[in-house]
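Me: I've just opened this one and would like a quick tour. Could you take my questions as they come?

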Amino acid sequence: MAAARTRGMWVLRILSALVLLAAGGIHLFLVFTGTGGVLGVMFVLNAIAGLVLAIAMLILRGRLLQLATVLSLLFLVATLLALVLALTVGLFGIHTTWDMALVPETVIVEAIGIVVLAVTTAVVLRRPVTAQHD
């Protein structure tokens, strides 16, 4: 039973890392295809944060893993919220439309990521810290 829980936890951690890499990768791709200025800098920072959080999901244990899962969830929520604001009322003077490059795909990836990270966060926070040696 413990082996199945450990395996399940690793599946969640790997899925979480993959969605963080995907979200960051989309933003980095947009920088390489022409997004510049302040938005380009924010996209590069987003890509770096996605990479750092993905690595954290795979290497941290105990309380640091708990912190990483919460931060990762908040990161994707904030990233999706920023896109929604840019699509509706604008964000920092930037207005985005649905027909711009990778906007629908970004919404899908980040929404799935939020669900995956919400489940991962719930599982990690429910486990006793001493039992997190997987």
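This is a predicted model: local features need pLDDT of at least 70, side-chain atom pairs count only at pLDDT 80 or more; totals for chains, interfaces and linings use all residues.

Me: What does the C-alpha trace span along its principal axes?
Reply: The trace here is that of the protein chain, which has 134 residues. Along the principal axes, its C-alpha atoms span about 50 × 20 × 20 Å.

Me: What percentage of the residues in the protein chain is buried?
Reply: Buried means under 20% relative accessible area, exposed means over 50%, and partly exposed is in between (1.4 Å probe, protein chains only). With 134 residues in the protein chain, the buried part comes to 37%.

Me: Which helix gives the largest share of the nonpolar patch?
Reply: The patch covers about 770 Å² of surface, and its members include V11, L15, L51 and L58. Nonpolar side chains (Val, Leu, Ile, Met, Phe, Trp, Tyr) are joined within 5 Å if their residues have over 30% relative accessible area and no salt bridge, meaning a side-chain nitrogen of Lys or Arg within 4 Å of a carboxyl oxygen of Asp or Glu. Two elements give two or more residues each, α1 (2-32) and α2 (37-59). The largest share, five residues, is from α1.

Me: Is I59 buried or exposed?
Reply: I59 sits in helix α2 and is one of the residues making the nonpolar patch. Because its relative accessible area is 56%, I59 is exposed.

Me: Which residue's backbone oxygen does the side chain of R13 reach?
Reply: R13 is part of helix α1, and it counts as buried because its relative accessibility is 0%. A polar contact is a pair of N or O atoms within 3.5 Å; within protein, one must be able to donate a hydrogen and the other to accept it, and residues adjacent in sequence count only if both atoms are side-chain atoms. At 2.8 Å, the side chain of R13 reaches the backbone oxygen of M57.

Me: Which residue's ring face does R13 lie over?
Reply: A charge sits over a ring if NZ of Lys or CZ of Arg is within 6 Å of the ring centre and within 35 degrees of the ring normal. R13 is 4.3 Å from the ring centre, and the face belongs to W10.

Me: Where is F92, and is F92 buried or exposed?
Reply: F92 has a phi near 55°, a positive value in a residue other than glycine. Its place is in the loop between α3 and α4. Because its relative accessibility is 67%, F92 counts as exposed.

Me: What is the phi of L102?
Reply: L102 is also in the loop between α3 and α4. At 25% relative accessibility, L102 counts as partly exposed. Although L102 is not a glycine, its phi is positive, at about 65°.

Me: How far apart in space are A17 and V116?
Reply: A17 lies in helix α1 and is buried, because its relative accessibility is 3%. Along the sequence, A17 and V116 are 99 residues apart. From C-alpha to C-alpha, the separation is 9.8 Å.

Me: What separates the C-alpha atoms of A122 and G36?
Reply: A122 belongs to helix α4 and, at 40% relative accessibility, counts as partly exposed. A122 and G36 are 86 residues apart along the chain. Their C-alpha atoms are separated by 37 Å.

Me: How far apart in space are T96 and A111?
Reply: T96 is in the loop between α3 (62-88) and α4 (103-126). T96 counts as buried, because its relative accessibility is 14%. T96 and A111 are 15 residues apart in sequence, and their C-alpha to C-alpha distance is 18 Å.

Conventions. Residues are numbered from 1 along each chain as its sequence is written. Side-chain values use heavy atoms; hydrogens and water are left out. Patches are made of residues with over 30% relative accessible area and no salt bridge: like charges are joined within 9 Å, nonpolar side chains (Val, Leu, Ile, Met, Phe, Trp, Tyr) within 5 Å. Accessible areas come from the Shrake-Rupley method with a 1.4 Å probe; for residues, only the protein chains shown count as cover. Helices (H or I, at least four residues) and strands (E, at least two) are DSSP runs, numbered from the N terminus.
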